[in-house]
Amino acid sequence: MARSSLLFRRIWHDAYYAVSGKPGLNFAMLCRDVAEMIDLKTTPTTLVGKVRFKLHLSLCQACWNYSEFSKRIQELMKLLVEEKAAAQKNAEALNQDLLKTFSKSEN
Amino acid sequence: MTPTHEETMTLLYARDPVFLANVFRDVNPYLLRVMAGRRIVGPEAEELIHQAWGTFFENLKKFEGRSTLRTFLCGILINKLREQKRSDAKLHLEEDVEMLFGRAFSPEGWWNVAPASPDRLIESRQTMTFIEECLEGLSEQQRSVFIMKEVEEDESEDICNVLDISVSHLRVLMFRAKEKLRQCLEGKLSV
């Protein structure tokens, strides 16, 4: 990521918190809550909630990194698991074996 | 058309071969992937899956349709794994929620240590090897939850039902799993 983009995000992040994070206004979301939404893959249901979430992600470098890491590790994990599963023998052999054991008419 | 829970139960009690063949075809690749994510493959994985189905049919009435069949089976499978690894026999909350987040976030809700950019985390043989190595550092619970949530994209509610944990516990496990992976990968990729 370009250095100017990082700087831009940092300046706006601080300004955003200075204004909208003040008690009484409380528009800025907490990093802790944003991280929770990323972990549980929940999305805000209201339009205002969506704006708050997106705005926070756009302005907070730490949460942006966390979100990007989460997306990337998910993609890589999926690839890894698919690769491992493909290396196993055909699942059909296992299915047939299970049918022999558990199906009534095959017993 | 998808059968209702009652229809499913009738077919399961009857051990209908056509229905079972479809169920096995649908569920087993998922179970094999869950095992593969834990580096359990081949006969060991198949044996565990066989045992899980055995337990399922012995306790058929416990399946109340609160979760999908595959997540329910996954829960049984994970319990089998836990039985194998006595040290992890009981599902417990590893850390107090507030303590964990107290370390990660300031009282105002900011990151104490901001996550670094994941730019170095690119798809390569080496990265995959690192991920496999780092996964070894996760506990059984963390790995189970992480694979179910991130790889299989199961619903949080389903995972909580099957593993009999609360959402806050799920959150702790997910956060901790990612934190461990992140730290481990950052260490390996920066060398």
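A crossing of two helices is called left-handed if the near helix is turned anticlockwise from the far one by less than a right angle, and right-handed if clockwise. The model used in these exercises is predicted, so that local features need pLDDT of at least 70 and side-chain atom pairs count only at pLDDT 80 or more, while totals for chains, interfaces and linings use all residues. Residues are numbered from 1 along each chain as its sequence is written, and chains are lettered from A and ligands numbered from 1 in the order in which they are written.

**Exercise 1. Describe the make-up of chain B.**

Begin with the helices and strands, which are DSSP runs numbered from the N terminus (helices are H or I with at least four residues, strands are E with at least two). Next, take the extent: along the principal axes, the C-alpha atoms of chain B fill a box of roughly 55 × 40 × 35 Å. Finally, turn to burial, where a residue is buried if 20 or more other C-beta atoms, placed from the backbone, lie within 10 Å of its own, exposed if 12 or fewer do, and partly exposed in between. Of the 191 residues of chain B, 34% count as buried.

**Exercise 2. Work out how H6(B) and H9(B) cross, and which residues meet there.**

Two packed helices are described by the angle between their axes and the distance between the axes. The axes are lines fitted to C-alpha atoms, for helices over the stretch in contact, and the angles run from 0 to 180 degrees between N-to-C directions. H6(B) and H9(B) pack at an angle of about 135°, with their axes 9 Å apart. Angles under 35 degrees count as roughly parallel, over 145 as roughly antiparallel, 65 to 115 as roughly perpendicular and the rest as oblique. H6(B) and H9(B) are therefore oblique to each other, and their crossing is right-handed.

For the residues, recall that two of them are in contact if their C-beta atoms, placed from the backbone, lie within 7 Å. From H6(B), B:Phe130, B:Ile131 and B:Cys134 meet B:Leu181, B:Cys184, B:Leu185, B:Lys188 and B:Leu189 of H9(B). To sort them by class, count Ala, Val, Leu, Ile, Met, Phe, Trp, Tyr, Cys and Pro as nonpolar, Asp, Glu, Lys and Arg as charged, and the others, Gly among them, as polar. This contact then divides into seven nonpolar, no polar and one charged.

**Exercise 3. Find what chain B presents to chain A.**

Start with the count: 47 residues of chain B are in contact with 39 residues of chain A. The elements of chain B that give two or more residues to this side are helix H2 (17-37), helix H3 (42-58), helix H6 (125-135), helix H7 (140-151) and helix H9 (167-190). Of these, H2(B) gives the most, with 11 residues. Sorted by class, the side of chain B that touches chain A has 28 nonpolar, eight polar and 11 charged residues.

Note on methods. Two residues are in contact if their C-beta atoms, placed from the backbone, lie within 7 Å.
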